[in-house]
Amino acid sequence: QVRLVESGGGLVQSGGSLRLSCAVSGVAFDICTMAWYRQVAGNQRELIAQITGDGLTTYTDSMKGRVTISRDNAKKTVYLEMNNLKPADAAVYYCRWFSTDWWGQGTQVTVSS
């Protein structure tokens, strides 16, 4: 059974940083392209970044320059380092096995002004 479990969300002050993690099981992780998305209440989920199995990264404009996606294939975990967070970044953040229907349950990020 494929499973994706996010962690690392929480409350942070404006300008602060958070590192999200997504632990993956039930799949050959090292060949999976993984991605991070976020969803603000009432809006569609938007792609933030993706990373291939061998570490090639792509970022969308949504948080470009303020986030870094990385992975540890030995730990079957993908990370999202977020810096200079703003109140507008408050959302539920999800990881996804890219181009599949496998998603994590999401982790809430709240940014206080």
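The side chains of Arg38 and Glu46 are joined by a polar contact of 2.6 Å. A polar contact here is a pair of N or O atoms within 3.5 Å; within protein, one must be able to donate a hydrogen and the other to accept it, and residues adjacent in sequence count only if both atoms are side-chain atoms. This is a predicted model, where local features need pLDDT of at least 70, side-chain atom pairs count only at pLDDT 80 or more, and totals for chains, interfaces and linings use all residues. Residues are numbered from 1 along each chain as its sequence is written, and side-chain values use heavy atoms, with hydrogens and water left out.

| Side-chain pair | Polar contact |
|---|---|
| Arg38 and Glu46 | 2.6 Å |
| Arg38 and Tyr93 | 3.3 Å |

Arg38 is buried, at 7% relative accessible area (buried means under 20%, with a 1.4 Å probe and protein chains only).

So where does Arg38 sit? It's found in strand E4, and strands are DSSP runs of at least two residues, numbered from the N terminus. E4 covers residues 34-39, and five of its six residues are buried, so the strand is largely enclosed by the rest of the structure.

E4 has neighbours, too. It runs antiparallel to E5 (residues 46-51), joined by five bridges, and antiparallel to E9 (residues 91-97), joined by six. Strands count as paired if DSSP finds at least two bridges between them. Tyr37 stands opposite Leu47 in E5, while Ala35 has Arg96 in E9 as its bridge partner.

Technical notes. Buried < 20%, exposed > 50% of the residue type's maximum accessible area, 1.4 Å probe, protein only. Helix = DSSP H or I, 4+ residues; strand = E, 2+ residues; numbered from the N terminus.
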